[in-house]
Amino acid sequence: ASANGGALYLKANDVTITNNRFIRNNAYSYGGALIDAQYAHNIKIAGSYFADNTAWDAGAIDLYAVTGASITDSTFDHNLADRSGSAIFMSGDEVNVTGCNFTNHKAGSATQSGTGTVYIQSTNSKIKDSIFKDNNASSAGGVYVNAAGAEISGSTFTHNNVTGDGGAIYVNAATGTGAKV
């Protein structure tokens, strides 16, 4: 296990990751499979598979302070985060997720409440045409919106379970201004 980025620690601009499999990776802190740290730009992830990855935050992917990232046509299955974003934690601006499947995730542990399969803390970000099924968290079984201008459209949410609020989607009133769901 790594401290950050269990399989890949990325600190670069203009990177494309296509048709890769990230399975059973672990990070003690952030990004069980992948972390893109330190204000990167133009990151593209497509046609990839992320399963059984674990981390304290961002079970599979942590996109930290990223501008202009996209994740398309990828599958996320059974990733775990002790805290937030069991599949993806995104912060920055314009991070978009399109045509992805998210199933069987868990955010939270016996000692920590967890939030969201996808945790949006990036402004002007979009989730489109994606499927969220059988995900579990303390709140926001599907998507937790904690940033202005987020948009969720054309997506399906089925059997997502929480012990608190927002079985499918939770929009934080203090920070989710202008969200479109």
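In the predicted model, Met-90 is in contact with Leu-63, Val-95, Val-97, Val-118, Tyr-119, Ile-120, Gln-121, Ser-122 and Ser-125, leaving aside its neighbours within four places in sequence. The residue lies in strand β13. Thr-103 provides a reference point along the chain. It is 13 residues from Met-90 in sequence, and the two C-alpha atoms are 18 Å apart in space.

The largest nonpolar core has 32 residues. Those with the most contacts inside this core are Ile-61, Ile-71, Phe-76, Ile-88, Phe-102 and Val-118. At least two core residues come from each of β3 (15-18), β7 (41-46), β10 (61-72), β13 (88-98), β16 (118-123) and β20 (143-145). Strand β10 gives the most, with 5 residues. In soluble globular proteins, nonpolar side chains tend to be buried together.

The secondary structure of the protein comprises 24 strands and 0 helices. Contacts between residues at least 6 apart in sequence were then considered. Of these, 82% join residues at least 24 apart.

Overall dimensions were computed for the whole protein. The C-alpha atoms fill a box of roughly 35 × 35 × 25 Å along the principal axes. The radius of gyration is 14 Å. A compact globule of 181 residues would have a value near 16 Å, so the protein agrees with that expectation.

Of the 181 residues, 45% count as buried. The accessible surface comes to about 7500 Å². Carbon and sulfur atoms account for 44% of that surface. Charged side chains number 10 positive and 14 negative. The centres of the two sets lie 2 Å apart.

Terms used:
Residues numbered from 1 in each chain as written. Predicted model: local features only at pLDDT ≥ 70, side-chain atom pairs only at ≥ 80, totals over all residues. Heavy atoms only, no water. Helix = DSSP H or I, 4+ residues; strand = E, 2+ residues; numbered from the N terminus. Rg over C-alpha atoms; globule rule 2.2 N^0.38 Å. Buried < 20%, exposed > 50% of the residue type's maximum accessible area, 1.4 Å probe, protein only. Contact = heavy atoms within 4.5 Å. Areas by Shrake-Rupley, 256 points an atom, 1.4 Å probe, with all protein chains shown as cover. Lys, Arg positive; Asp, Glu negative; His and termini not counted. Charge placed at Lys NZ, Arg CZ, Asp CG, Glu CD. Core = buried A, V, L, I, M, F, W, Y, C linked by side-chain atoms within 4.5 Å.
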